[in-house]
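My entries follow the model.

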Amino acid sequence: MIEKTGVPTKEDIEEITPPKEIREKQAVAVIECYKEIPCNPCYTACKFGAIKEFEDINDRPEIIYEKCVACGQCVIKCPGLAIFIIDETYSETEATVQIPYEYLPLPKEGDYVTALDRAGRPVCRAKVVKVRKGKHPNMTSTVTMAVPKEHSMTVRSLNLEDYFADNTIICRCEGITLGEIRQLISEGYTTIDEIKRISRAGMGPCQGRTCRHLIMQEIRNATGQNMEDMLMPTFRQPTKPVKLGLFVGGEGDD
Ligand code: SF4
Ligand code: SF4
């Protein structure tokens, strides 16, 4: 899979995921270097002995999580942009993900951006909490984003556009924005059914095909509820408006 698409499989990711006990107590580097290649700057960059000495230059790097102090030097030095720092101790509901970033312009601290997964798909809204600019123009910078905790091993890139801004329309049938949904959640409407009944989100022709999942994500982000545990509203078929003349006049429907 990775040879064809450049995107690691679920099994690849499981292999490099730090153990839960480590993630629960410290920020840590995640090394996503999946292939044997002649490269070792990550090892030479680490002054804390957290990356095991290579026996062969083609070895894949191995990390000793307990020794990692999340200094980020290996993130900057890796030419493959294959190292990230995750910190699941950041807050009750959020983790930070520090990524190498070689585009210009850099985002600014406090900006909201769209966090992307390894395939470049939007995952969630992220707040930029730190930008570490490379000392020279040709040095790698890093950007640290705060994201919902469950995305710490999913988010690996960003788009400067904030796809999840308040004015983003998420129920296209009824023209309801994310800001309106967020407002309702803050007023105490924390189930999909409540939000549907008070706002009509999900009651248009598509019957919630687009917005239902997005509303669930917002509820999860605001309340910490597990999406698997959320009660789903009744599923109905999408509807398509037809002219009354079709029935009375026998008009063709093509
Ligand atoms: S983040 Fe720092 S301590 Fe951890 S492996 Fe990288 S260089 Fe070593
Ligand atoms: S520096 Fe990066 S690409 Fe090179 S071996 Fe280390 S993790 Fe892999």
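Which domains does the domain assignment of the protein give? I noted domain 1 (17–159) and domain 2 (169–229), with bounds that come from an automatic or database domain assignment.

Ground rules next. This is a predicted model, where local features need pLDDT of at least 70, side-chain atom pairs count only at pLDDT 80 or more, and totals for chains, interfaces and linings use all residues. Residues are numbered from 1 along each chain as its sequence is written, chains are lettered from A and ligands numbered from 1 in the order in which they are written, and side-chain values use heavy atoms, with hydrogens and water left out.

I looked up the spacing: the centres of domain 1 and domain 2, taken over C-alpha atoms, are 32 Å apart. Five residues from domain 1 and four residues from domain 2 make the contact (heavy atoms within 4.5 Å). The area buried between the two domains is about 330 Å² (accessible area, 1.4 Å probe, that two parts lose on being put together, summed over both). Carbon and sulfur atoms give 39% of that area. On the domain 1 side, R125, P148 and E150 supply 61% of the area buried against domain 2, more than any other three residues.

I then checked charges. The rule finds one salt bridge across the interface of domain 1 and domain 2 (a side-chain nitrogen of Lys or Arg within 4 Å of a carboxyl oxygen of Asp or Glu). E150 also forms a salt bridge with R220, with the closest N and O atoms 2.7 Å apart. By class, the side of domain 1 that touches domain 2 has two nonpolar, one polar and two charged residues.

**Salt bridges overall.** I found 15 in the structure. One of them joins the side chains of E15 and R60 at 3.2 Å, N to O. E15 lies in helix 2 (residues 10–16) and R60 in the loop between helix 4 (41–45) and helix 5, so the pair ties together parts that are 45 residues apart in sequence.

**Ligand 1.** Which residues surround ligand 1? I listed C46, F48, A50, I51, I63, C68, V69, A70, C71, G72, C74 and I85 (a heavy atom within 4 Å). The shell divides into 11 nonpolar, one polar and no charged residues.

**Backbone.** A cis peptide bond joins L104 and P105, with omega about 0 degrees. P105 sits in the loop between strand 3 (94–101) and strand 4 (112–116) (helices, H or I, at least four residues, and strands, E, at least two, are DSSP runs numbered from the N terminus). L81 is not a glycine, yet has a positive phi of about 50 degrees. I placed L81 in the loop between helix 5 (73–77) and strand 2 (83–87).

Definitions and conventions. Nonpolar A, V, L, I, M, F, W, Y, C, P; charged D, E, K, R; others polar.
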